[in-house]
Amino acid sequence: MLLYTKKKLPKQPSTARFKPSLLDHVSLPHAGTSYNPKAEDYEKYVTEIAKAETQLMHEEERIAKAGKPKHESVVTYAEKSLEETEGLVIDPRYNADGGKEESNENVEEEAMETGEKIIISHLKRKTRKQKLNAAKEKKLQREQKRRKEIEKKQHDVFKAKSINKELAKTEQEVAESAARRKKEKFLKKMTTRQRLGGGEFKDEEEPFLLQEELPDNLRRLKPQGHVLNDRLASLQKRNMLPIGGPRNKNKLKSKLKRKFVEKRLVAEVTKGSRVM
């Protein structure tokens with residue numbers, strides 16, 4: 001409650017002090033960006049920039065290659081006419097295969113005429129007694145398996161303590177893994193860029209100077225980049241500002257248009273017509 005006006009302060013929402021990102025407000029510059037950096041720091045800084053630049057060049061080359069056809073070939077008039085006039089070549093082995101098939105068919109017909117038995121398999125059929133014995137053996141195996149399962153369940157009663165310990169251990173492991181996954185998910189959400197707005201976030205290119213471009217004194221050094229652009233990129237990276245972009249046109253309209261249709265029966269009603 002305020003001291004002089006005797007009025008209560010407005011209730012703050014729960015998200016008033018919520019931080020949408022755990023990233024630093026102002027990212028510290030690389031050690032290689034200083035005026036007089038060490039050789040190792042400057043080399044690391046330049047190699048990182050070179051890697052990013054080469055990756056960008058490879059991506060541009062890939063996009064350029066994807067736009068072109070892989071095999072460019074033009075069919076000439078001579079090739080087209082040759083293809084049209086070319087006939088189908090018959091395989092010389094065609095007649096030989098046909099003769100073989102005919103000979104096989106003749107052999108089968110001769111065997112059917114003479115009444116010779118064609119052996120399908122050399123396996124002997126089981127007798128009735130053998131079938132009954134096999135069925136009894138299967139039944140005994142099933143009963144033995146069922147008996148073993150019942151005995152195992154009965155013995156598990158004496159292992160109640162160990163079973164409870166195993167269950168408690170598995171439950172603890174599941175709870176720990178769930179907590180770990182939840183923590184990882186939260187950290188990923190708080191340290192990565194979320195989709196806000198229709199645009200796409202692009203990291204700002206870090207300004208840098210080559211060794212030959214570095215001046216002799218600080219008075220001749222020109223500032224690289226802009227503070228406002230840096231702040232804007234930081235706010236967008238920390239999920240505090242949306243990125244403008246085109247709206248989703250495929251979104252379904254909430255209010256549909258009315259459609260008037262003239263029925264056939266209504267169209268038949270004219271001046272002078274009677275209702276039946």
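In this predicted model, Arg62 is partly exposed, with a relative accessibility of 48%. Its partner is Glu59, with which Arg62 forms a salt bridge whose closest N and O atoms are 2.6 Å apart. Glu59 is likewise partly exposed, at 37% relative accessibility. Both residues belong to helix H1 (residues 39-67), where they are three residues apart and therefore separated by about one helical turn.

Side chains of opposite charge can pair when their charged atoms come close. The count of salt bridges in the model comes to two, and the other pair joins the side chains of Arg220 and Asp216, at 3.6 Å from N to O. Here Arg220 has a relative accessibility of 55% and counts as exposed, because the cut-off for that class is over 50%; Asp216, at 65% relative accessibility, is exposed as well.

| Salt bridge | N to O distance |
|---|---|
| Glu59 and Arg62 | 2.6 Å |
| Arg220 and Asp216 | 3.6 Å |

Apart from these pairs, the surface also carries a patch of positive charge, in which Arg125, Lys126, Lys131, Lys138, Lys139, Arg142 and Arg146 gather. One of the residues of this patch, Arg142, has its place in helix H4, which covers residues 128-156.

Note on methods
Residues are numbered from 1 along each chain as its sequence is written. This is a predicted model: local features need pLDDT of at least 70, side-chain atom pairs count only at pLDDT 80 or more; totals for chains, interfaces and linings use all residues. Side-chain values use heavy atoms; hydrogens and water are left out. Patches are made of residues with over 30% relative accessible area and no salt bridge: like charges are joined within 9 Å, nonpolar side chains (Val, Leu, Ile, Met, Phe, Trp, Tyr) within 5 Å. Accessible areas come from the Shrake-Rupley method with a 1.4 Å probe; for residues, only the protein chains shown count as cover. A salt bridge is a side-chain nitrogen of Lys or Arg within 4 Å of a carboxyl oxygen of Asp or Glu. Lys and Arg count as positive and Asp and Glu as negative; His and the chain ends are not counted. The place of a charge is taken as NZ of Lys, CZ of Arg, CG of Asp or CD of Glu. Helices (H or I, at least four residues) and strands (E, at least two) are DSSP runs, numbered from the N terminus. Buried means under 20% relative accessible area, exposed over 50%, partly exposed in between (1.4 Å probe, protein chains only).
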